[in-house]
Amino acid sequence: MSSTNSALLRALEIQNGTVELVGSTSPTFLAWLLATEKNPKIPRLVICANAKTAKNFATDLQALRPSLKPVILEPFDES
């Protein structure tokens, strides 16, 4: 287990499962973190760089926790 993974798991233990992660470079790692929440109670918003990354993230999340049903929102241009 990597030192980053160990640190995140320890933070989850200490803070009763409340850790804010901003700027993860690994969608699969982020999917794992979300999938291992003991009691996911609130929706999570994950912003991806493009549609392909969003689809891959959703696939990873469902593979890790099939009961979750990720929703991919359509991109839009606000200009």
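**Leucine 61 and the fold around it**

Setting aside neighbours within four places in sequence, leucine 61 is in contact with Ala31, Leu34, Ala35, Leu68 and Pro70. Some of these names return in the largest nonpolar core, whose six residues are Leu30, Ala31, Leu34, Ala35, Phe57 and Leu61. Helices H2 and H3 each supply at least two residues of this core. H2 gives the most, with four residues. In soluble globular proteins, nonpolar side chains tend to be buried together.

The mean pLDDT of the protein is 79, and 80% of the residues reach 70 or more. Helix H3 has the highest confidence, at a mean of 91, while helix H1, residues 3-14, has the lowest, at 71. Where pLDDT is low, the predicted coordinates should not be read in detail.

The overall layout can be stated briefly. The secondary structure consists of three helices and zero strands, and along the sequence the pattern reads α-α-α. Of the contacts with a separation of 6 or more, 47% are made by residues 24 or more positions apart. The protein has 79 residues, and 18% of them count as buried. Its accessible surface comes to about 6500 Å², and carbon and sulfur atoms account for 57% of that area.

The loop between H2 and H3 deserves a separate look. Helix H2 covers residues 27-35 and helix H3 covers residues 51-64, with isoleucine 47 in the loop between them. Glutamate 37 lies in the loop between H2 and H3 as well. Are these two residues buried or exposed? Glutamate 37 counts as buried because its relative accessibility is 19%, which is under the 20% cut-off. Leaving aside neighbours within four places in sequence, glutamate 37 is in contact with Arg44 and Arg65. Isoleucine 47 is exposed because its relative accessible area is 73%, and the cut-off for that class is over 50%.

Isoleucine 47 is also part of a nonpolar surface patch.

Conventions:
Residues are numbered from 1 along each chain as its sequence is written. Side-chain values use heavy atoms; hydrogens and water are left out. Patches are made of residues with over 30% relative accessible area and no salt bridge: like charges are joined within 9 Å, nonpolar side chains (Val, Leu, Ile, Met, Phe, Trp, Tyr) within 5 Å. Accessible areas come from the Shrake-Rupley method with a 1.4 Å probe; for residues, only the protein chains shown count as cover. A salt bridge is a side-chain nitrogen of Lys or Arg within 4 Å of a carboxyl oxygen of Asp or Glu. Buried means under 20% relative accessible area, exposed over 50%, partly exposed in between (1.4 Å probe, protein chains only). pLDDT is the predictor's confidence in each residue, from 0 to 100. Contact means heavy atoms within 4.5 Å. A nonpolar core is a set of buried Ala, Val, Leu, Ile, Met, Phe, Trp, Tyr and Cys residues joined through side-chain atoms within 4.5 Å.
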